[in-house]
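I opened a new model today.

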Amino acid sequence: MGDDRSLALLQGGLGGLSAGLALSLFEGWWLGGPLWMIPALALLWSALRHPVAAALWGVTAVLVSHRWLLALHPLDWIGVPTHLSLPLAVMLWLLCGVAAGGLVAAWAWLAGLMGRGRLSAALVLAGLWGLAEVGLARTPLFWIGVGGSSLPADPWLAGLARWLGGGGLATSQILLGWWLWRLVRLVQRRAAGQRLALGAGVVMLVLGHGLGGLALASGASAAPGSLTPWRVALWQPAIPTREKFLPEQQERLPALLGQALDQAARAQADWLVMPEGTLPLEGRLQDPAPLPLLTGGFRWRRGRQHSALVLIPAGERQPIAAIDKHRLVPLGEWLPEWISATPGLSAVGGLEPGAPSRFLRWSGPPAAVAICYEISNGAALAQAVAEGAQWLLTIANLDPYPVLLQRQFLALAQLRSVETARPLLSAANTGPTAAVSAAGEVNWLLPSGAAAMAIAPLGPADGLSAYVRWREAPLGLLTLLAALVWLRQRLAGSGPRPAAVPPRRTRPPDQG
């Protein structure tokens, strides 16, 4: 028993390491997510016999993939003493890993109740995992799940998200991991059905990639009146967050904003986009804007401070419209009043969330807006597209985090474009500043960390993808049907046993 537990712990640790690498490597399909994630999920299925081993899988996966959290140190710029800065950053990093371990352990406990061998049980467990990823993305957590690991390395498989969303994509990968685990078990036991299992898996892989590629090829139609793409200017100021609120930097900021607006106007851009938090609280321009400006900023509304995307029309100096950030970073931007009156681990702490809708209607093409890590919530952006959004816009400030987070952020942006069949523009303080097509093709417009401006063409689209129409309903229905099949099989297997035949008390006639 001890040897079995040790083996399960080893499988859980190695599987979590592989999953963490799947969310950290982006240099081609041979180093991309699927090559690491599918074996990682197979090891998870094998480790499920011990929930502690499964928890180790979750802990390790998050600690590897979210190691950028350690870049929070040093935190002295927001008043944290130097000797507490690194321990605090490490504690936050470890807490994220422990939370993931608890979730995977709960999933493993359910797997222990249902069993792992039957396809119906695997479908239920995979479907619940996919639905849980969608649900967690609606919470204050910045959720980077299995669903996004196929991008950018395997866009054809990711094309399934156009029909089933990121949750359905995660479900597909969980099932591929289950298939690989079953195949290895059959080979180890030299059991019959090895060729059948191998063939079924190959068919599943080919079918999944074929359907995903077909979904990407279907695309979306151009919006009426937008056959000529808009020219959008994206400014990447590359102002270090730790220096942003210094008095000298605040004095320079208005002149920098004016220079960026003039540069965009000279480039004949239709409007300019600036990253999250660029405009100061209740900020205004020194001179009237020569073109419309969509910028991240801060504002007071009904006595509450909000982080927002604000609109300053051409010829104006003050915002006239805004969409407030709905999902705030716990501890970083928001703390419950009963915990502390301090602003939190951010120079702009003490914020209040805005309305949940991400739909922005303005003089340009209507947009679905994600401010920073709201990009992980595909359901909210799909709702905005259903309301009429013709393109996706995300603004962020990912400094002081390294390029790893920028790449993970952009992979999520790709997934949102694939789900909604909408082009996406990303403007961030230090990156990624990029354009993503409706088919999920990425064009990095500026190098990470460079202070510069880029002009990107934007062709808005209309028409609704299957995911935008139905959201998680197909995945939920599939999971429910699989649960009913599993329950029927379980009841059939636990029915009344045949009555025992009593022993004979007389000899048979031929032995008389």
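My entries follow, from the whole chain down to single residues.

**Ground rules.** I worked with a predicted model, where local features need pLDDT of at least 70, side-chain atom pairs count only at pLDDT 80 or more, and totals for chains, interfaces and linings use all residues. I numbered residues from 1 along each chain as its sequence is written, and side-chain values use heavy atoms, without hydrogens and water.

**Whole chain.** I found 14 helices and 14 strands. These are DSSP runs, numbered from the N terminus (helices: H or I, at least four residues; strands: E, at least two). Of the 512 residues, 52% are buried. Buried means under 20% relative accessible area, exposed over 50%, partly exposed in between (1.4 Å probe, protein chains only).

**Helix α4.** I checked the length of α4, residues 82–114. Its 33 residues should span 48 Å at 1.5 Å a residue, and the end C-alpha atoms are 49 Å apart, so the two agree. The expected span is 1.5 Å times one less than the number of residues. Just after α4, glycine 115 has a positive phi of about 90°.

**Surface patch.** Which residues make the nonpolar surface patch of about 460 Å²? I listed Trp163, Val203, Leu207, Leu211 and Leu214. Nonpolar side chains (Val, Leu, Ile, Met, Phe, Trp, Tyr) are joined within 5 Å, like charges within 9 Å. Areas come from the Shrake-Rupley method with a 1.4 Å probe; for residues, only the protein chains shown count as cover.

**Helix α8.** Helix α8, residues 194–218, gives the most to this patch, with four residues. Leucine 214 lies in α8. Leucine 214 counts as exposed because its relative accessibility is 53%.

Conventions
Patches are made of residues with over 30% relative accessible area and no salt bridge: like charges are joined within 9 Å, nonpolar side chains (Val, Leu, Ile, Met, Phe, Trp, Tyr) within 5 Å. A salt bridge is a side-chain nitrogen of Lys or Arg within 4 Å of a carboxyl oxygen of Asp or Glu.
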